[in-house]
Amino acid sequence: MLKTVTYINDRLCRLLEVLITLLMTGMVVFIVMQVYFRYVLAQPLSWSEELAGYLFSGVFFFGAVLLYRESRHINMSLFVDSIKNPFVRQIIVIVAHLLSFLFLAIVVWYSYPMALQIIDFEVVSPSMEWLKMGYVFMIVPVASFLSLFMLLEVILKSIDQMKEIKQ
């Protein structure tokens, strides 16, 4: 199962890296456009700053997905590193990952219907009437769902490490 999850996550990571690159590029382009229109043409765009903020949200949440795979999120490493017994330390790490998994599952469970409801209400962006805010809010459940896949791989690897320590 670990090989399958790793294979899927490898593909997801490549896709996310491309997506994050596109989001960052778009963000830079819109910010440069805003500066050009504001200071050179003296006619600022009303929507570019807001769109750049939404793109940044995508970069932030999808970047967090990649961090889950590398176990690079903030953690209590001082506490974990102070435990001398490697088996107990690994159990605590697995429990922490399982709690993170539970948290992400709860986020997906509640945020997905909320984003769908916002789409149904047809709430639009203040400066871009073509952008439904539900699609912006959909970033949270999608990124959390992808994080579940990454965290599943981390948990499976941690269990394998625990088996090696036990032997």
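Start on the surface, where I91, V95, L99, L102, I106, W109 and Y110 form a nonpolar patch with about 760 Å² of accessible area together. Patches are made of residues with over 30% relative accessible area and no salt bridge; nonpolar side chains (Val, Leu, Ile, Met, Phe, Trp, Tyr) are joined within 5 Å, like charges within 9 Å. Accessible areas come from the Shrake-Rupley method with a 1.4 Å probe, and for residues only the protein chains shown count as cover. Take V95, which sits in helix 4. V95 is partly exposed, with a relative accessible area of 41%. Here, buried means under 20% relative accessible area, exposed means over 50%, and partly exposed lies in between (1.4 Å probe, protein chains only).

A word on the model. It is predicted: local features need pLDDT of at least 70, side-chain atom pairs count only at pLDDT 80 or more, and totals for chains, interfaces and linings use all residues. Residues are numbered from 1 along each chain as its sequence is written, and side-chain values use heavy atoms, with hydrogens and water left out.

Now step back to the whole chain. It has six helices and zero strands. Helices (H or I, at least four residues) and strands (E, at least two) are DSSP runs, numbered from the N terminus. The C-alpha atoms fill a box of roughly 70 × 35 × 30 Å along the principal axes. Of the 167 residues, 36% count as buried. The accessible surface comes to about 11100 Å², and 70% of it belongs to carbon and sulfur atoms. Contact means heavy atoms within 4.5 Å. Among the contacts with a separation of 6 or more, 74% come from residues 24 or more positions apart.

Next, go inside. In soluble globular proteins, nonpolar side chains tend to be buried together. The largest nonpolar core of this chain has 31 residues. Such a core is a set of buried Ala, Val, Leu, Ile, Met, Phe, Trp, Tyr and Cys residues joined through side-chain atoms within 4.5 Å. L16, F62 and M150 have the most contacts inside this largest core. Helix 1 (2–40), helix 2 (48–70), helix 4 (86–120), helix 5 (133–137) and helix 6 each supply at least two of its residues. Helix 2 gives the most, with nine. Look at F62. Leaving aside neighbours within four places in sequence, F62 is in contact with L16, L19, I20, L23, I139, V142, A143 and L146.

Charged side chains tell another story. Side chains of opposite charge can pair when their charged atoms come close. A salt bridge is a side-chain nitrogen of Lys or Arg within 4 Å of a carboxyl oxygen of Asp or Glu. By this rule there are three. D10 and R69 meet in a salt bridge (2.6 Å, N to O). D10 lies in helix 1 and R69 in helix 2, so this pair ties together parts 59 residues apart in sequence. R69 also meets E153 (2.7 Å, N to O). R69 lies in helix 2 and E153 in helix 6, so this pair ties together parts 84 residues apart in sequence.

At 1% relative accessibility, E153 counts as buried. It touches L2, V5, T6, N9 and R69, not counting residues up to four places away in sequence. E153 also pairs with K157, the closest N and O atoms being 2.9 Å apart. Both lie in helix 6, four residues apart, about one turn of the helix. K157 is partly exposed, at 39%. Salt bridges that share partners join D10, R69, E153 and K157 into one network.
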